[in-house]
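Below is a briefing on a predicted model.

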Amino acid sequence: MWEFATRSLEASTIFTFAALGELIGQRSGILNVGVEGAMLFGATLGFIAAQLTGSYLIGLLVGLAIGALLGLLHGFFSITLGGDQVVSGMGIWIVGFGLTTYIGNPYTGPLGMARIPNVFGLSPFVYLGILLVLATWFLFSKTSLGLRIRSVGENPAVAEVSGIDVARTRYFSVILGGMLMGLAGAIYGLSYNPVWNYNFLMGWGFIALALVFFSMWNPWLLLGGAILFGAMWQLSLSPELVLPGFLSRYLWRTVPFVITLLVLFAMSSKWFRGRWGAAKPAALGEPYIKG
Amino acid sequence: MPQAILSGIKRGDVVLELRGITKRFPGVLANDQIDFTMRAGEIHAILGENGAGKSTLMNILFGLLQPDEGEIYVGGQKVTFRSPLDAIEMGIGMVHQNRKLVLAHSVIENIVLGHPRAGKILNLTQARAEIEALCRRYGFAVDLDAKVWQLAEGEKQLVEILKSLYRGAKILILDEPTSALAPPETKKLLASIEAMSQDELAIVPFITHKLPIVLATSHRVTVLRQGRVTARLETVHSTEQSLAKEMVGREVIFRLDRVAVARGEPVLQVQNLSARSDRGFMAVKGASFTVHEGEIFGIAGVSGNGQQELAEALTGLRKVEEGKVLLKGEEITHAPARRRWQRGLGYIPSERNTVGSIADFSLIDTVLMNYYFDHDYTPRGLVDYARVRQLTEDLIAEYGVATPGAEVKARNLSGGNLQKMILARVLSRKPRLLIANLPTQGLDVGAIEFVQNKLIAAKRDKAAVLLISEDLDEVLSLSDWVAPMYEGELMGILPGEGALREHVGVLMAGGAKGEEATP
Amino acid sequence: MKLGPYRLQLQKRLALSSAKAGAISLLAIVAALALFSLLFILADVNPLTAYQKIFSYAFFNRFGLPLTISRFAFLLLASLAFILPFRAGLWNIGMTGQLYLGALAAFAVIFLFKGDPATGVRLPPALLILLMLLAAALGGALYAAIAGFLRGSYGVNEIVVTMILNFIAFWLVSYMIKDGGMFMNPGGRGESFELPAAVRAPMILGAPFTIYLALLLALLITFLFARTRIGYEIKAYGQSPAAARYAGVNTAFLPLLVFLLGGAVAGLAGYHYFAAVPGVYKIARNYGFFGDLAFYGIICGLISRGHPLAAIPVAFLFGGLSIGGRFVQGELNMSFGLDYALLGVLMITLVAFQFFFRYQIAWIKTDKEPRHVGIRN
């Protein structure tokens with residue numbers, strides 16, 4: 001049971017990192033449906049870097065860097081070129097899926113390093129995740145930068161005439177967001193599941209994306225959602241820890257996805273939709289052309 | 001600190017000067033050698049029709065566009081604005097017609113947004129004290145913690161003005177300052193403008209057509225036409241007629257002739273209708289009225305008082321919460337939109353670019369929007385394109401739509417021509433009930449006349465016409481019945497003939513309900 | 001950038017002819033292949049040799065060509081399944097899940113009627129093949145309908161939903177064919193039972209009939225968009241849901257409809273790969289690989305800009321590239337997943353090229369222009 005709890009909290013942490021990355025980008029008006037691709041890149045390159053250098057730190061930093069690079073790329077397509085953000089996000093996902101399969105293949109198998117030690121019985125990333133939620137909340141409700149990011153996501157034209165550099169603010173958000181996604185992937189590949197296999201995320205990024213919609217762009221609600229989803233995901237991976245002999249293990253794997261669908265459906269209720277509509281960044285997904 | 005240029009200015013000092021401003025767009029000369037001088041404490045109106053080059057000039061003044069030629073001087077010093085930030089730093093503040101406010105944020109967040117003194121960590125206490133001081137000074141009343149979307153139009157405008165003043169603006173540019181305001185709100189705004197000009201602020205309202213406002217407030221007027229300055233006048237020496245002539249380049253007739261048509265059967269009966277806005281509050285509250293054959297029923301009101309929701313509820317695009325809608329005696333309260341079209345509804349929506357037409361559709365496909373469900377044009381589910389093309393070409397000829405052909409995409413038509421095409425399409429179905437929502441908004445004078453005459457022609461053809469307009473003069477001159485709308489309620493139903501402008505104006509601003517007339 | 005009196009400038013396109021759009025698409029593919037040669041260079045392989053081997057195996061080899069043709073039909077069906085909702089402005093990235101469900105439904109038919117010792121089935125094989133096709137289409141359609149329904153009636157984002165459905169379907173297939181699942185091969189190799197010879201898809205001119213079916217569907221869908229009322233409604237909704245609503249299109253039903261249609265086509269893609277391609281005739285152990293291939297349908301649909309006929313050559317090319325890629329990977333001792341990498345490179349190049357569909361680069365004369373006044377303000 002204790003093992004289940006620690007594992008599920010670590011899973012929650014990965015969801016938290018990735019979803020916060022998406023949340024920050026979305027708050028600035030940039031939708032990135034390619035979370036899974038960014039995570040795959042972070043996981044694969046982080047894994048390879050750590051294995052080659054023997055250093056977890058370098059692995060994590062590589063994950064962070066590749067995430068930033070993909071954020072930059074997504075920013076270039078959707079901010080500078082003003083393209084369709086869904087197309088670009090799809091691109092990030094498919095390129096992540098395709099290229100990491102090729103790049104990572106020679107490294108298939110376990111990482112082969114001593115595991116990252118727990119701190120007070122929990123993965124150190126759990127604490128980092130909670131700090132990050134706190135920092136994100138502070139950013140958006142107490143700082144000028146947060147107000148600028150929110151404004152750019154609500155109404156870029158207004159932000160522009162208020163003297164805010166819309167493109168810069170959006171680049172900042174989407175790169176920061178990409179870093180968190182890449183880092184989430186690296187934590188997955190280095191700590192949570194350090195055995196590389198092709199497409200070994202199987203949907204983490206998409207659940208994280210859905211999580212942002214559930215959270216109504218509130219970091220605390222996001223944390224709550226991440227804890228639930230982490231537990232559910234862990235349950236689906238190792239149901240024998242809690243409910244041995246109940247349901248086929250394949251059916252268990254569908255459970256988090258089925259529940260995600262049910263939550264999406266529940267969220268479309270009238271009560272929810274009004275609040276959701278009010279919380280949604282008004283300019284989300286829309287390219288901004290200056291002037 | 002560049003703002004120092006304008007510190008210590010005295011009443012009458014030149015604060016802003018434009019010399020030879022020229023701006024070209026591909027194939028268009030939007031501003032042609034414009035000269036303009038502005039003094040402290042002066043209210044200087046810039047007057048011009050849509051397309052006269054006002055917006056371009058305004059955007060240049062505010063750094064959103066850069067002139068191709070010409071110079072800008074602030075306080076006698078030559079400046080270049082690469083962005084609005086430069087203009088703001090020079091003490092220029094802009095109040096936009098389509099409000100530049102973040103609706104989801106609070107008033108105070110909007111005011112401090114982008115302010116250089118906002119600091120890294122937001123300190124709202126000090127900002128609040130300063131803003132409250134400004135409010136007291138000019139007599140503004142606005143709740144700083146309210147979300148902007150909760151505010152009335154007039155209050156939003158105050159927020160924009162406050163934002164500029166808080167940033168230290170000495171020159172205020174107001175874009176169509178009264179266009180979205182009801183008459184009493186307009187009065188209040190004009191008083192505030194007066195108060196600010198007493199305080200050595202230079203104020204530049206840009207105005208399209210509300211000439212009485214120009215006459216009532218400004219000290220001087222500059223008139224633009226086709227990108228050039230055609231007149232510089234002292235307001236005391238001008239009249240409405242003379243301003244209009246300078247602006248349009250010909251004499252303008254201000255009133256349309258009313259056409260008398262025998263009143264027929266009731267076509268649209270609305271009983272106690274309620275509908276919600278997108279944000280979920282009740283936007284239409286218990287509206288009841290009847291429109292008969294051969295009459296125009298005008299709904300007058302400032303945008304955002306539920307007219308949009310009313311139109312959508314009647315056309316099947318919005319859920320009716322309560323009440324009944326009858327079309328020619330048949331209940332259609334919850335009928336789908338297509339059914340209503342088939343029963344004789346015709347709807348001209350206010351959003352002609354996004355709802356009334358599809359940018360990438362050819363004019364043939366644009367016309368098909370109201371015909372695809374018609375079995376004469378789509379027999380057995382297959383579109384008879386030859387026939388639709390013929391119809392489109394006929395309509396283009398009949399309505400004088402300026403286009404190289406029927407294959408042209410809707411996005412390539414000008415606003416007036418697109419509206420003609422939509423009008424042609426809707427009217428060609430010979431609707432028994434025509435609902436026209438802001439049909440002349442944003443059009444130039446010629447197109448406005450054309451559209452208004454078509455509405456009268458529809459009435460003559462015994463259609464029942466429901467006209468929704470923000471332009472009180474338009475409603476009064478066209479309608480047989482006028483219903484002012486305020487916060488979702490119809491404030492009365494008055495006969496159009498002889499309705500007093502002032503009376504209707506007060507009602508559409510929420511004044512005491514008028515006596516009911518029974519149409 | 002300036003050159004004498006001329007200056008390089010970006011202009012927004014007002015109109016894009018189909019010839020130009022085709023040229024840009026072609027250019028995107030060429031650019032992607034150029035970019036892809038980097039992978040060969042990094043692996044110390046001469047890209048020209050590699051491409052020569054890819055093309056000659058895929059299109060001119062008697063072992064490679066039939067594989068290419070089968071894969072082409074699969075990619076075309078996947079592309080059509082993407083295109084149908086795409087023209088309505090909706091993203092179906094759930095072809096994978098839909099084709100799994102199509103395959104499961106088709107195999108369910110045989111599961112129900114197998115057993116006769118002579119032919120292996122208890123109904124006339126022709127009838128069963130027809131039933132399998134219908135079941136595949138229905139399975140895919142109903143599965144996709146979940147996304148269409150949620151989108152149309154409740155406004156739930158279809159990208160997230162279709163992707164989630166992919167994962168659910170993936171595990172459902174495992175459940176059915178592995179660990180004692182109902183369709184498990186008695187040999188227990190983690191794959192489904194094999195189709196009895198009698199109900200394998202008939203071949204026409206040496207190719208499974210599904211290839212002709214795919215081409216026929218491309219024609220039908222072209223006709224649907226060009227001439228029919230329902231096609232017009234789909235296009236109107238795709239360009240502007242608000243305008244379509246105004247015109248009386250049933251905006252709750254339309255997303256459901258396009259997903260039903262798209263899902264049916266995806267279901268047929270599942271039938272094609274698991275019940276019609278020679279040498280397979282079962283839901284294979286590595287069914288995930290076939291599912292992943294469906295993502296080529298997204299790229300193919302985007303490059304052909306939603307035109308079913310344009311999707312035909314693109315699907316043929318991509319089919320050949322992925323077959324040839326897999327071949328040279330073995331031939332030149334390269335790392336596994338070359339065809340996956342190609343998928344990624346094609347996609348990202350395409351995203352970059354989206355820009356040129358909207359903008360053109362032109363040399364502008366910087367001399368003063370003639371004086372026109374009005375219009376723009």
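The contact between chain B and chain C draws on 49 residues from chain B and 28 residues from chain C. About 3,300 Å² is buried between these two chains. Over all chains, the structure holds 29 salt bridges.

**The interface of chains B and C**

- Carbon and sulfur atoms give 55% of the area buried between chain B and chain C.
- One salt bridge is counted between chain B and chain C. B:Arg338 forms a salt bridge with C:Glu233. Their closest N and O atoms are 2.9 Å apart.
- Polar contacts between chain B and chain C come to 14 residue pairs, with both residues at pLDDT 80 or more.
- Several elements of chain B give two or more residues to the side that touches chain C. Two are strands, β1 (14-25) and β2 (28-39). The others are the helices α1 (54-61), α10 (337-342), α11 (363-368) and α13 (415-427).
- β2(B) gives the largest share of that side, with four residues.
- By class, the side of chain B that touches chain C has 22 nonpolar, 16 polar and eleven charged residues.

**Salt bridges within chain B**

- Side chains of opposite charge can pair when their charged atoms come close.
- B:Arg220 forms a salt bridge with B:Glu42, with the closest N and O atoms 2.5 Å apart. B:Arg220 lies in strand β9 (residues 220-225) and B:Glu42 in the loop between β2 and β3 (44-47) of chain B, so the pair ties together parts 178 residues apart in sequence. B:Glu42 counts as buried, at 8% relative accessibility.
- B:Asp86 forms a salt bridge with B:Arg82 at 3.1 Å between the closest N and O atoms.
- B:Asp360 forms a salt bridge with B:Arg411, and here the closest N and O atoms are 3.1 Å apart. This pair links distant parts of the chain, 51 residues apart. B:Asp360 sits in the loop between β16 (345-348) and α11 of chain B. B:Arg411 sits in the loop between α12 (385-399) and α13 of chain B. Both count as partly exposed: B:Asp360 at 30% relative accessibility, B:Arg411 at 42%.
- Salt bridges with shared partners join B:Lys23, B:Arg24, B:Asp68 and B:Glu69 into one network.

**A covered strand in chain B**

- Strand β6 (residues 92-95) of chain B is covered on both faces. B:Ile92 and B:Met94 are buried on one side, B:Gly93 and B:Val95 on the other.
- β6(B) runs parallel to strand β7 (residues 171-175) of chain B, and four bridges join the two. B:Ile171 in β7(B) is the bridge partner of B:Ile92.

**Single residues to check**

- A:Asn199 has a positive phi of about 50°, although it is not a glycine. A:Asn199 lies in the loop between β2 (195-196) and α9 (204-215) of chain A. At 13% relative accessibility, A:Asn199 is buried.
- B:Gln33 also has a positive phi, near 50°, and is a residue other than glycine. B:Gln33 lies in strand β2 of chain B and is partly exposed at 43% relative accessibility.
- B:Ile213 lies in helix α7 (residues 211-217) of chain B and is buried, with a relative accessible area of 13%. The C-alpha atoms of B:Ile213 and B:Thr178 are separated by 8.3 Å, with the residues 35 apart along the chain.

Definitions and conventions
Residues numbered from 1 in each chain as written. Chains lettered and ligands numbered in written order. Predicted model: local features only at pLDDT ≥ 70, side-chain atom pairs only at ≥ 80, totals over all residues. Heavy atoms only, no water. Buried < 20%, exposed > 50% of the residue type's maximum accessible area, 1.4 Å probe, protein only. Pairing = 2+ DSSP bridges. Contact = heavy atoms within 4.5 Å. Buried area = accessible area lost by both parts, 1.4 Å probe. Salt bridge = Lys/Arg side-chain N within 4 Å of Asp/Glu carboxyl O. Polar contact = N/O pair within 3.5 Å; in protein donor to acceptor, adjacent residues only side chain to side chain. Nonpolar A, V, L, I, M, F, W, Y, C, P; charged D, E, K, R; others polar.
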